[in-house]
Structure formats: C-alpha cells, structure tokens
Amino acid sequence: MDRPGLNAETSGLLHNAEYAQRIQTHSGPPTPDDLDELLSRRRSTRFIFAHPRAIAAFGRECNRRGLYPSSIDVAGSMVPAWRGVPIFPCNKIPVSGDRTSSIIAMRTGEEDQGVVGLHQVGIPDEYEPGLNVRFMGINDQAIMSYLVSCYFSAAVLVPDALGVLENVEVSGPYS
C-alpha cells in the first residue's frame, strides 16, 4: 500500500518529477552550481525543500568556496535562501543508506502553472473542505475526544513546476 506524502512511490512529488527535471550533482555534495542549475530549469521558483543534513552539506560547500548564502524573512522567521529562494528543511525527504538525499525546487500556484494543493470534498463529518472532525466519545473522566483528519494532495500542473537535484551526498565531518 502506498503511503501518502512527499516521497510516496506512486503519488509523491519526489518520485513524480519529470525525468527532464531531474539533475545530478556535479561532485556529490550540493554545490552552489548545483542549486543554480536546479533554479535555472524553471521560472519563478518559490521554494526549495531539502533534508536538514542536505542543507548543512550545502552550507559546508558554500563555506568551502567562501560564499555566504543569505537569509530571508518568511512569516517572521529567518530561513536560509539561495538567490532569493527560501530553503526549507524537510525531514520527509529521505536520506538513503549510502547517505544521499534529494533537493526539491518548486513553483507554486495555479496562475503560475505550478504545484497546487487539492482537497477532497464531501467526506463524512466534513468541517471544512478536506477536513473532518469526528466525535469519538466521552471517557470516564468526562473528557470528550475527537478525531481530526485532513485529506489533501498536490498536483503538478506543468512538468517544469517541479525539479529535483538527486544523489546529494549529505555525509560530512559531523554526519
């Protein structure tokens, strides 16, 4: 059975990126050149997602070259960025046994023909589109319990909305 999520084999964004939008690292660890190539494959990239260890490996490569990536304010929090695109940590992107991972770049929104979120409507006990709240009962201490579930998915509107840098080595001196 396929688990939903970012890395699900049949429905996840990581595995459904077009092959033309998948690139390999130049030398193993993610370099500024690798991220430049990833960004150059799509217009208006809004987000970069990487495992925290991949972000650390990128930082080490920048440091080795004497480069200092900027940080930008996103909703009141400073996050690292490359060429003005925020890099968000995502521990749902797996790290393989040989210490490699992937970095995802995406454009979002229907108006930009990017990745869009989908909600299933008409589910039982629906509170909002894609969100249901089910009463589970009252226990002996008079505490009410509810099960809250959110059903959602994502769709890539055009192939270049999503790109993946593959085989990113995350091992380093402190891995």
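I started with Phe135, which sits in strand β9. Strands here are DSSP runs (E, at least two residues) and helices are DSSP runs too (H or I, at least four residues), numbered from the N terminus.

A note to myself on the ground rules: this is a predicted model, where local features need pLDDT of at least 70, side-chain atom pairs count only at pLDDT 80 or more, and totals for chains, interfaces and linings use all residues. Residues are numbered from 1 along each chain as its sequence is written, and side-chain values use heavy atoms, leaving out hydrogens and water.

**Entry 1: the patch**

Is Phe135 buried, partly exposed or exposed? I found it partly exposed, because its relative accessible area is 45% (buried is under 20%, exposed is over 50%, and partly exposed is in between, with a 1.4 Å probe and protein chains only).

Phe135, Ile138, Met144, Tyr146 and Val148 make up a nonpolar patch on the surface, together giving about 550 Å² of accessible area. Two elements give two or more residues to this patch: β9 (131-138) and β10 (144-150). The largest share, 3 residues, is from β10. For a patch, residues need over 30% relative accessible area and no salt bridge; nonpolar side chains (Val, Leu, Ile, Met, Phe, Trp, Tyr) are joined within 5 Å, like charges within 9 Å. A salt bridge puts a side-chain nitrogen of Lys or Arg within 4 Å of a carboxyl oxygen of Asp or Glu. Areas are from the Shrake-Rupley method with a 1.4 Å probe, and for residues only the protein chains shown count as cover.

**Entry 2**

How do β9 and β10 run relative to each other, parallel or antiparallel? They run antiparallel, joined by 7 bridges; strands pair if DSSP finds at least two bridges between them.

I then followed an open sheet of 7 strands, in the order β1-β12-β6-β2-β5-β4-β3, with mixed pairing. Its edge strands, each pairing on one side only, are β1 (22-24) and β3 (71-74). From one strand to the next the twist averages 35°; axes are lines fitted to C-alpha atoms, for helices over the stretch in contact, and angles run from 0 to 180 degrees between N-to-C directions.

Strand β6 (residues 100-106) runs antiparallel to β12 (residues 162-169), with 6 bridges, while β1 runs parallel to β12, with 3 bridges. Leu165 of β12 is the bridge partner of Ile23 and also of Ile103. Met106 has Leu162 of β12 as its bridge partner.

**Entry 3: the helices**

Helix α2 (residues 52-65) lies across β2, β4, β5, β6 and β12, at about 130° to β5.

**Entry 4: the whole protein**

I counted 2 helices and 12 strands. The C-alpha trace spans about 60 × 40 × 35 Å along its principal axes. Of the 175 residues, 38% count as buried. The protein exposes about 10,400 Å², of which carbon and sulfur atoms supply 53%.

Terms used. Contact = heavy atoms within 4.5 Å.
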